[in-house]
Amino acid sequence: MCIRDRNILVSACLLGVDCRYDGTGCLLPILEELKERHHLIPICPEAFGGLPTPRPPAEILDGKVINAEGADVTQQYEKGAREILKLARLFNCEAAILKERSPACGFGKVHNGLFDGGLVEGNGVLAGLLSQEGLTIIGETQTDRLARL
């Protein structure tokens, strides 16, 4: 049995919004079904932090978010995460469906900071903050968990 009418934060790119670093979105089809049962709240921490779209890719290295041009964008990622936390509290969100491996939204594993496709254990800035606040974090490949929402 599913709880109905939850407010769930969702990475806007997973809803097909063209807000990823490369200016694209990546629609996750199961969200079409999920939106019939819940209120999906689109979020993009990079945009909320003031970064443009498109933008250079970024990864976490030594606790800082560094883009491919070598610029430290940690402050923008932290600002975006704080703004989204305000939304999570305002709408009493209990869960977030986030883009995996992202320096903002990744949970459990993120890119290694070397821009070589490698992964390391860790969380993106937003995912870590929301997890500390007690939200359930679900990655886009965890469709079995999505079906239970």
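This is a predicted model: local features need pLDDT of at least 70, side-chain atom pairs count only at pLDDT 80 or more; totals for chains, interfaces and linings use all residues.

Colleague: Why is the pair Glu94 and Arg6 called a salt bridge?

Modeller: The closest N and O atoms of Glu94 and Arg6 are 3.8 Å apart, and the rule asks for a side-chain nitrogen of Lys or Arg within 4 Å of a carboxyl oxygen of Asp or Glu, so the pair qualifies. Glu94 sits in the loop between helix H3 (74-90) and strand S5 (95-98), while Arg6 belongs to the segment before strand S1 (7-11), so the contact ties together parts 88 residues apart in sequence.

Colleague: What makes Lys86 exposed but Glu83 partly exposed?

Modeller: Lys86 has a relative accessible area of 52%, and exposed means over 50%, so Lys86 is called exposed. Glu83 has 27%, which lies between the 20% and 50% limits, and therefore Glu83 counts as partly exposed. The two side chains meet in a salt bridge at 3.0 Å, N to O, and the residues, 3 apart in helix H3, are separated by about one helical turn.

Colleague: How many salt bridges does the rule give?

Modeller: The count comes to 9 salt bridges, including that of Lys64 with Asp72 at 3.9 Å, N to O.

Colleague: Which residues of the largest pocket are the closest to its centre, and what classes make up the lining?

Modeller: The largest pocket holds about 410 Å³ of space, and of its 22 lining residues Arg20, Tyr21, Lys99, Ser102 and Pro103 are the closest to the centre. By class, the lining has 12 nonpolar, 3 polar and 7 charged residues.

Notes:
Residues are numbered from 1 along each chain as its sequence is written. Side-chain values use heavy atoms; hydrogens and water are left out. On a 1 Å grid over the protein atoms alone, a cavity is a set of points where a 1.4 Å probe fits but cannot get out, and a pocket is an open set with protein on both sides within 12 Å along at least five of seven lines; lining residues have an atom within 4 Å of a point. Grid points are joined across faces, edges and corners, and a volume is the space filled by probe spheres set on the points. Ala, Val, Leu, Ile, Met, Phe, Trp, Tyr, Cys and Pro count as nonpolar, Asp, Glu, Lys and Arg as charged, and the others, Gly among them, as polar. Helices (H or I, at least four residues) and strands (E, at least two) are DSSP runs, numbered from the N terminus. Buried means under 20% relative accessible area, exposed over 50%, partly exposed in between (1.4 Å probe, protein chains only).
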